[in-house]
Amino acid sequence: MTAFVYQNPGSTTFIPELWDAELLTQFDPLLVWASPLVSNYKYEGTISKAGDVVHINSLVRPSIGDYKLPDGMTGQRPETVDQKLYITEAKYLQLYIENVEQIQAIGDMNSPINQQMIRSLARDADTFMGTIIASGATPLPNIAAPAANAPQALYGGLLDMMLALDDADIPGGRYAVVSPRVKRHLIEHPSVANAAAYGEAGVTANGFIARLAGFTLMSTTAMPAGVDIVAGHSEFATFASQFTGFRDGQSEKYRANYIDTLHVYGGKIVRFPEVDTQLADNTFDETKPTKGIVKAVVDWS
């Protein structure tokens, strides 16, 4: 079994036992890459029971045969392909304070200190997941966005992404995440600015922009380096996280009380037999990008 840097060398199993539901409620709305719109949470419950490695088995689609006499039918045995989700990250925050009761650390999640701790953890997890998703996406040709025609060029780039996902038979319920600069120009395009006529309006500062051309459009400042637009389906990326909850007590090192929390999580690109490359040992070639997520760079000429 794989051991990670945060684990006791004498134990290679790490199973956090305490969930803080209120922390999760406050944490989730701050996410974009690690939100359910972009990454699925299908294996999170498994982690709470099984530890730090989850085996994800994909069932290979059986082939169809022609029934004719006298040949009859030839049976097939189910075939699965294995992939592993590792919980690789363990991030903590610990603050020393003079009086835990004054900030209501245990019960009041609206405390400024607790809110900032949640925001810091959310940003870290979102950046982690964005890097995984972008690194596993299929690159498309760069989008040339001249100053005189940037909105139309960016909108055309989104339609090219729609076509690439259509060609790969990726189902509906897709997302597209764009950088703030792309958002600034894209919302000038009539189809986005007037999205009520095409899908759903609602340009906002916090993530969601609009629903258009089969995409839920979102924006984030946590864009991975070297990419401006990422589009895909949440089935092709999974994020699993668990909090150990807030803890408070008397510091042994300082004359102060402390409050801390630990967040363990992991993520990966999820492969499918009909879309991704299967190897002879019944695993996937994870060095190749997935067709379920595409990305593009914008040339700001």
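Student: How many aromatic pairs does a search of the whole structure find?

Tutor: The model is a predicted one. Rings of Phe, Tyr and Trp pair if their centres lie within 6.5 Å. Searching the whole structure on that basis, the number of aromatic pairs found is four.

Student: The rings of F236 and F272 form a pair; is it stacked or edge-to-face?

Tutor: The ring centres of F236 and F272 are 5.0 Å apart, and the planes stand at 65°. Planes over 60 degrees apart count as edge-to-face. The pair joins distant parts of the chain, with F236 in the loop between β9 and β10 and F272 in the loop between β11 and β12. Because of the 65° angle, the pair is edge-to-face.

Student: Is F272 buried or partly exposed?

Tutor: Buried means under 20% relative accessible area, and exposed means over 50%. F236 has 4% and is buried. F272 has 25%, so F272 is partly exposed.

Student: Which residues do ring pairs link into a cluster with F239 and Y265?

Tutor: F239 in strand β10 and Y265 in strand β11 are 26 residues apart. Their ring centres lie 5.8 Å apart with planes at 45°, so this pair is tilted. F239 is buried at 0%, and Y265 is buried at 0% as well. The cluster linked by ring pairs holds F239 and Y265 together with Y41 and F128.

How values were computed
Residues are numbered from 1 along each chain as its sequence is written. This is a predicted model: local features need pLDDT of at least 70, side-chain atom pairs count only at pLDDT 80 or more; totals for chains, interfaces and linings use all residues. Side-chain values use heavy atoms; hydrogens and water are left out. Rings of Phe, Tyr and Trp (its six-membered ring) pair if their centres lie within 6.5 Å; planes under 30 degrees apart count as stacked, over 60 as edge-to-face and the rest as tilted. Helices (H or I, at least four residues) and strands (E, at least two) are DSSP runs, numbered from the N terminus. Buried means under 20% relative accessible area, exposed over 50%, partly exposed in between (1.4 Å probe, protein chains only).
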